[in-house]
Amino acid sequence: MNAAFLDADARSGGSTSGARFDDELTAATDALAIALRERDLAIFYRAFRATQLPFLCGPMRDDVDALFPACFAVVHRLGGLSPALALAVENHYYVTSAVATFPAAADPALEVFRHRLLDRVTDARLLVANTNSKIHGTRLGEIGTAAHRHGDGFRISGKAAYTSLATEADLLVLLTEIADEGTALFVLDRLRDNPAVVIGDYLLPTAMIDSDTRHIGFDDLDLPKEALATAAGSPLTALLIRFEMAWHQALIGALYLGCAARALDEIRRFAGEMRGRDGVPLAKLDGMIVDTGRLAIDYATARAAVERCGAAIARVRALPRDSEAIERASNEASVAKYSACRVAEAIVTAARRIVGARSFAGNSVLERLSSEVMFGVLGPEVGAVTERRLGKQVLEGSFFARTFG
Ligand SMILES: Cc1cc2nc3c(=O)[nH]c(=O)nc-3n(C[C@H](O)[C@H](O)[C@H](O)COP(=O)(O)OP(=O)(O)OC[C@H]3O[C@@H](n4cnc5c(N)ncnc54)[C@H](O)[C@@H]3O)c2cc1C
């Protein structure tokens, strides 16, 4: 039972319960297992939308201590079945969670906007995707979309390379630049049946196909001014983007740790069933016990780092006063995610070596985990960026104060 969920439930008037959380998570996981077997993800999304799980951001708004462990539990569990699908769902969670817990009182328009958005998501049971508008140009960090003021509202044009959950989402959070003004966040409706929104091909059509990650294009899309969540001029815009990133990196870590946990369980199952020629189960061999123990220690250490991110995010209570705490949370989440994804890759590789070629036979979950786990290190922040930031901090003498001071 998720105790934090239970606490938040009591605070929100008891519309849900800890036992219900567990039941719903089991129902969603069962539906995902069927969906993967039948190759029809609609089975999962139908079951998932029928639960309260995607809409935790409503009752748990402004309550990181409840929301973080609940989101962790969901993406960790789904990540044990399909990291790709869990990644699509994680996109919904990090965006809605960041909006739900961002202390925006200093920007009254943003504060109103975020509550309206949360009410809409929970009342209409909507799923939310996000794109940072990155494209694969020849310069790192290039973005492919732009917004211009047009009449009373805005006109959006251009393309973005990455949008997970692209065909399943009802809303899209778009990070782009308003000409001559700077970075801004918009929320877009009517993705699927809007001729000015072109949901394109899969970007990752093999291993990560179940993440539904696609190109998305905007063909002079006109938006009302109400679609602007936070404007370039607001001092909170940059902070919200960093805050979202802290949630995103931490939950990506949780997702891939779920993949690692499942690989550990596959080792347990295999070593329990398989016997040596002397009839002794492999699980009784000292070498197997020691090797598995090492993997468990790596998992536990990485998990502790990811779980700590919840507390780091919760320290952001008022802005701009707690800007430094956002920086700290974001740094902590980068490090935790980096470590979790590396550990997950190592554990899945170890599981594959122990189980052997049958990892790829008879529809073993290890086959899917093997091909999807490697995407953890590729985003949202690529390892090369995290390494350079931390390396610079050490060499400039600011690392210990920034991270532990
Ligand atoms: C499966 C998946 C799903 C995604 N879904 C979404 C989504 O729904 N919405 C969204 O907005 N984004 C999404 N993304 C994109 C993600 O948020 C990042 O923008 C993306 O992963 C960054 O990877 P890139 O290859 O574009 O990085 P780039 O920034 O283009 O970097 C490419 C490579 O250059 C090197 N490099 C980069 N920076 C440096 C540096 N400072 N120093 C040295 N070398 C460097 C690294 O080797 C790096 O791998 C997704 C990504 C993946 C992998």
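Select Asp212 to begin: this residue is found in the loop between strand E6 (197–202) and strand E7 (214–223). Helices (H or I, at least four residues) and strands (E, at least two) are DSSP runs, numbered from the N terminus. Phi of Asp212 is near 55°, a positive value in a residue other than glycine. Most residues other than glycine have a negative phi, and most peptide bonds are trans. Asp212 is buried, because 25 other C-beta atoms lie within 10 Å. The burial classes work as follows: buried requires 20 or more other C-beta atoms within 10 Å of the residue's own, exposed 12 or fewer, and partly exposed covers the values in between, with C-beta atoms placed from the backbone.

Before moving on, note that residues are numbered from 1 along each chain as its sequence is written. The model is predicted: local features need pLDDT of at least 70, side-chain atom pairs count only at pLDDT 80 or more, and totals for chains, interfaces and linings use all residues.

Select Arg39 next, in the loop between helix H2 (18–38) and helix H3 (41–50). Arg39 is not a glycine, yet its phi is positive, at about 55°. Is Arg39 buried or exposed? Arg39 is exposed, because 8 other C-beta atoms lie within 10 Å.

**Domains**

Now colour the chain by domain. The assignment gives domain 1 (3–127), domain 2 (131–230) and domain 3 (236–404); such bounds come from an automatic or database domain assignment. Taken over C-alpha atoms, the centres of domain 2 and domain 3 are separated by 29 Å. Seven residues of domain 2 are in contact with seven residues of domain 3, where contact places the two C-beta atoms, built from the backbone, within 7 Å. On the side of domain 2 that touches domain 3, the largest share, three residues, comes from strand E5 (residues 182–188). That side of domain 2 divides into five nonpolar, two polar and no charged residues. In this classification Ala, Val, Leu, Ile, Met, Phe, Trp, Tyr, Cys and Pro count as nonpolar, Asp, Glu, Lys and Arg as charged, and the others, Gly among them, as polar.

**The ligand shell**

Select the ligand and the residues around it. Domain 2 (131–230) and domain 3 (236–404) both give residues to the shell, so the ligand lies between them. Which residues come nearest to the ligand? Of the 22 residues around it, Asn132, Tyr162, Ser164, Gly379 and Pro380 come nearest; a residue is near if its C-beta atom, placed from the backbone, lies within 6 Å. At least two shell residues are supplied by each of helix H5 (83–101), strand E1 (128–131), strand E3 (153–163) and helix H11 (383–396). H11 gives the most, with three residues. By class, the shell has 11 nonpolar, nine polar and two charged residues.

**Two cis peptide bonds**

Pro380 lies in the loop between helix H10 (365–372) and H11. Then move to Leu319 and Pro320: the peptide bond from Leu319 to Pro320 is cis, with omega near 5°. Pro320 lies in the loop between helix H8 (286–314) and helix H9 (323–355).

**An annotated span and the nonpolar core**

Select residues 247–372, which UniProt lists in an unreviewed entry as "domain: Acyl-CoA dehydrogenase/oxidase C-terminal". The end C-alpha atoms of this span lie 21 Å apart, and the span is 77% helix and 0% strand.

Next select Val75 and Ala344, the residues with the most contacts inside the largest nonpolar core, which has 123 residues. Such a core is a set of buried Ala, Val, Leu, Ile, Met, Phe, Trp, Tyr and Cys residues joined through C-beta atoms within 7 Å. Helix H7 (residues 236–273) gives the most to this core, with 20 residues. Leaving aside residues up to four places away in sequence, Val75 touches Ala86, Val89, Glu90, Tyr93, Leu251, Ala254, Leu255 and Gly258.

Finish in the strands. Ile178 lies in strand E4 (residues 171–178) and is partly exposed, because 19 other C-beta atoms lie within 10 Å. Not counting residues up to four places away in sequence, Ile178 touches Ala147, Ala184 and Ala232. Arg149, found in strand E2 (residues 145–150), counts as partly exposed with 13 C-beta neighbours inside 10 Å. Draw a distance from Arg149 to Gln393: their C-alpha atoms, 244 residues apart along the chain, are separated by 39 Å.

Key
UniProt positions renumbered as here; feature names shortened; annotations may be inferred.
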